[in-house]
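Take a moment to look over the two chains before reading on. The paragraphs below lead from the model as a whole to the place where the chains meet, and then to some single residues.

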Amino acid sequence: MAFEYAGIDLPIREKTIASQRMSWEMIARPGRWWTGAERVEIARIGRAARELEAVGSELLPEAAVYAIQKLVVDNANLNREFYAEVVAAEGMTEDRYVELVAVVVHSLSIDEFHRALGIEPEPLPEPIAGEPSRQRPALAEQRDSWPPLVPRQGLNRGDDVFYGPLEWGANVISALSLVPENVRWLHDLSEGHYLSFAEMRQPDPLRAISRPQIELIASRVSALNECFY
Amino acid sequence: MLRESSKRNGSLDSLNLQGAVGPEADSGVPHGDLLTAFAEAAVRRTDALPGLRERIAAELGVQELVDAAGVVANFQRMVRIADGCGIPLDELTRDATDDVRDELGLHEYASAANTA
């Protein structure tokens with residue numbers, strides 16, 4: 001089983017382990033627009049990019065490899081032109097881009113957790129065979145962010161809770177909703193590494209470090225990445 | 001979120017937001033210098049990381065170290081979602097934080113263009 005943390009003398013929380021295992025399963029399974037093998041390949045290219053290795057791929061379109069590398073190492077300089085160029089390229093669409101971003105950022109987050117603690121990266125999962133479902137949510141709508149978004153009625157059953165009282169959710173929560181499974185994935189790994197959406201509204205104590213300490217780290221990471229959001 | 005959580009904890013008076021964006025100022029958050037140095041070393045992947053890990057474990061505790069690593073990991077993800085999808089600031093956040101963002105120089109970031 002993945003994420004055993006055997007021989008690691010650190011108190012890794014059960015929710016962290018559960019959310020990391022779920023993420024590895026998500027990556028291995030066929031999505032809506034990429035096969036399991038392609039999704040694992042996306043994670044592989046992203047992992048190499050973080051090591052500043054510009055590896056190529058026989059499975060992915062050239063534009064996908066370019067997008068992965070930009071997302072990992074040059075994220076402060078992404079802009080609308082980059083997005084338009086990538087989604088218009090051969091083998092790419094808005095839907096494929098959104099699914100690619102989700103795989104890149106969730107696998108990168110888990111790698112970053114390990115690296116911060118001096119733990120070797122987890123071997124990438126074995127892909128699960130099958131075809132992508134190729135289902136675009138009927139209610140997807142172009143709003144202010146680059147890819148279209150899905151409103152609460154278009155989410156998977158039970159996931160509307162993640163939007164709170166809002167029709168379109170907070171912008172960062174709905175950002176990857178064109179592939180609706182991403183909304184729950186975003187939440188569950190957030191709960192494992194940081195806080196659940198419900199915990200974000202609750203007072204301390206939530207973790208071993210205080211909420212101001214948590215948010216100070218978050219602010220510094222955002223500033224280092226030159227992220228305005 | 002930092003300002004809001006400090007307000008809730010009753011520590012807003014000692015908070016210096018300049019300490020959140022760079023190492024030049026003291027944030028006023030307990031152990032803030034150590035935690036932000038750790039975050040910086042993790043993001044930038046510097047040789048200081050192992051020593052900072054040991055210091056956090058010794059001065060704060062190992063659960064504190066694990067939780068700090070989780071926050072770094074989470075926000076390495078969130079910034080890429082925000083900037084990879086070109087999302088603008090939520091309206092309420094924009095209105096409530098415009099002055100602070102100006103003061104901290106955040107409008108200079110390329111991704112500020114995503115918020116009209």
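The mean pLDDT of chain B is 93, and 100% of its residues reach 70 or more, values that belong to a predicted model. For the complex, the predictor gives an ipTM of 0.97 together with a pTM of 0.96.

How many residues of chain B are in contact with chain A? There are 59 of them, and they are in contact with 61 residues of chain A. On chain B, the elements that give two or more residues to this side are helix H1 (2-8), helix H2 (18-21), helix H3 (32-44), helix H4 (49-59) and helix H5 (62-85). The largest share, 23 residues, comes from H5(B). If the residues on the side of chain B that touches chain A are sorted by class, 31 are nonpolar, 19 are polar and nine are charged.

Two packed helices are described by the angle between their axes and the distance between the axes. For H8(A) and H3(B), a pair that spans the two chains, the axes come within 9 Å and cross at roughly 40°, and the crossing is right-handed. From H8(A), the contact is made by Gln213(A), Leu216(A), Ile217(A), Arg220(A), Val221(A) and Leu224(A), while H3(B) brings Gly32(B), Leu35(B), Thr36(B), Ala39(B), Glu40(B) and Val43(B). By class, this contact of H8(A) with H3(B) has seven nonpolar, three polar and two charged residues.

Inside chain B, H3(B) also packs with H5(B), at an angle of about 50° and with the axes 10 Å apart. The crossing of H3(B) and H5(B) is right-handed. Here the contact is made by Leu35(B), Phe38(B), Ala39(B), Ala42(B) and Val43(B) of H3(B), together with Ala68(B), Val72(B) and Gln76(B) of H5(B). Sorted by class, the contact of H3(B) with H5(B) has seven nonpolar residues, one polar residue and no charged residues.

In the loop between H3 and H4 of chain B lies Arg45(B), whose phi is near 60°, a positive value in a residue other than glycine.

Phe3(A) is placed in the segment before helix H1 (14-28) of chain A, and with 18 other C-beta atoms within 10 Å it is partly exposed.

Further along chain A, Trp168(A) is found in the loop between helix H5 (94-117) and helix H6 (171-174). With 17 other C-beta atoms within 10 Å, Trp168(A) is partly exposed. Leaving aside residues up to four places away in sequence, Trp168(A) touches Arg143(A), Leu149(A), Pro151(A) and Ser174(A). The C-alpha atoms of Trp168(A) and Val150(A) are separated by 7.1 Å, although these residues are 18 residues apart along the chain.

The last stop is Pro205(A), in the loop between helix H7 (181-193) and helix H8 (211-224) of chain A. A cis peptide bond joins Asp204(A) and Pro205(A), with omega about -5°.

Terms used:
Residues numbered from 1 in each chain as written. Chains lettered and ligands numbered in written order. Predicted model: local features only at pLDDT ≥ 70, side-chain atom pairs only at ≥ 80, totals over all residues. Contact = placed C-beta atoms within 7 Å. Helix = DSSP H or I, 4+ residues; strand = E, 2+ residues; numbered from the N terminus. Nonpolar A, V, L, I, M, F, W, Y, C, P; charged D, E, K, R; others polar. pLDDT = per-residue confidence, 0-100. Buried ≥ 20, exposed ≤ 12 C-beta atoms within 10 Å, placed from the backbone. Axes fitted to C-alpha atoms, helices over the stretch in contact; angles between N-to-C directions. Left-handed = near helix turned anticlockwise from the far one by under 90°.
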